[in-house]
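Subject: A structure for you to look at

Hi there,

I'm handing over a structure that is new to you, together with some notes on what turned up in it. Please have a look at it first, and then read on.

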Amino acid sequence: SKTTIYEGESILLSAKVYSHFEPTHLDSYLPYEMKGALDKHSIGNPGRIVVEQEKYKGQQLFSFEYDKNIVFPAGTGSFKIRPFTMNLHQRYKRFLMNSSHAIIEIIPLPSNPPKDFIGGVGNFRIERTLEGVDLKQGDVFKMIITISGAGNLQNTLEPTPTLPKGYIIYGDPVVTENFTYGSQGAEGKIKYEYNIQVSKSGNLTLPASTMSYFDLALEKYVTLSTDDDEIKVKHDANYNVTDIDNTNNGILTELSEIPKLRHSNEESILSSFYGTSIYWISLGTPLF
């Protein structure tokens, strides 16, 4: 579909045949090959071949496409697609077909991408919803961030929510993928569901979630943002506010959940018994 693409962009590849006669069937197909292909997905119905009449180089010919794939090449530079071969039949006559090769030039993305760049190349959108926000201090609610669109969606990175002090993310998000492969690449959406505890009370603002991608139509990085959300949290006198460092974007690790260890009463009693005269007399009598 193209001879020059950006790094991360998909390309539509297919074997196309032009013939002076109307073909009846084919066999012995040896597919084209592309070294360095990161991801390759068949699209359409590979078992169905549609023969059409088409004007090509001033001649009215029969044509059809075969072995159609959407491909996500890896790296940058020039990539050669090796020819395909097949036997094309006109009833009982057989003709060996050898295709030409093709060259694809893959150019790098512009330097200095935004900090919230998720690696997306194509056309994307971001949405955010909150669930369970009738809260009191210490409660946990769900924040759902959905990335949708078309392009290299399957290779995008998880967006990084930046939360102010008072919001704590518990664990990794639950990820739900729902996309298919078509002529524009991977088309659909990926949903990230986070569990967040709020340790403050009052009328709080949850800042917008942002993400950046490379827009192929504009040929530049585009930054998208959700709206801010307002949350009302009732004060709970029984809730013990823990001062948690938010240097990791409010993500709570397992170590921060482990309380400091204290000596038990049994350990105190045993340690007070050791070293007394009764202990040494009891130990020395059997030895003597």
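Predicted model: local features only at pLDDT ≥ 70, side-chain atom pairs only at ≥ 80, totals over all residues.

His89 has Arg94 of β10 opposite it. These two strands make a hairpin with two residues between them, and there Arg91 has a positive phi near 60°.

β9 also pairs with β3, again in the antiparallel sense, this time over four bridges.

Next, the open sheet. Four strands make it up, in the order β1-β11-β8-β4, and their pairing is mixed. Which strands stand at the edges? They are β1 (4-6) and β4 (33-34); each has a single partner strand, so one side of each has no neighbour in the sheet. Within this sheet, β8 (residues 77-82) and β11 (residues 102-107) run antiparallel and are joined by five bridges. If you'd like a residue pair to look for, Ser78 has Glu105 as its bridge partner in β11.

Now to the aromatic rings. There are ten aromatic pairs, counting rings whose centres lie within 6.5 Å. One of them is Tyr29 with Tyr66: the ring centres are 4.9 Å apart and the planes stand at 90°, so this pair is edge-to-face. Tyr29 belongs to strand β3 (residues 25-30) and Tyr66 to strand β7 (residues 59-73), so the pair ties together parts that lie 37 residues apart in sequence. Is Tyr29 buried or partly exposed? With a relative accessibility of 21%, Tyr29 counts as partly exposed.

Phe214 and Tyr221 give another edge-to-face pair, because their planes are at 75°, with the ring centres 5.5 Å apart. Phe214 is buried, at 0% relative accessible area, and Tyr221 is buried too, at 18%. The cut-off for buried is under 20%. Both residues belong to one aromatic cluster, which Tyr6 and Phe117 complete.

I hope this helps you find your way around. Enjoy exploring!

Best wishes

Terms used
Residues numbered from 1 in each chain as written. Heavy atoms only, no water. Pairing = 2+ DSSP bridges. Phe/Tyr/Trp six-rings, centres within 6.5 Å; stacked < 30°, edge-to-face > 60°. Buried < 20%, exposed > 50% of the residue type's maximum accessible area, 1.4 Å probe, protein only.
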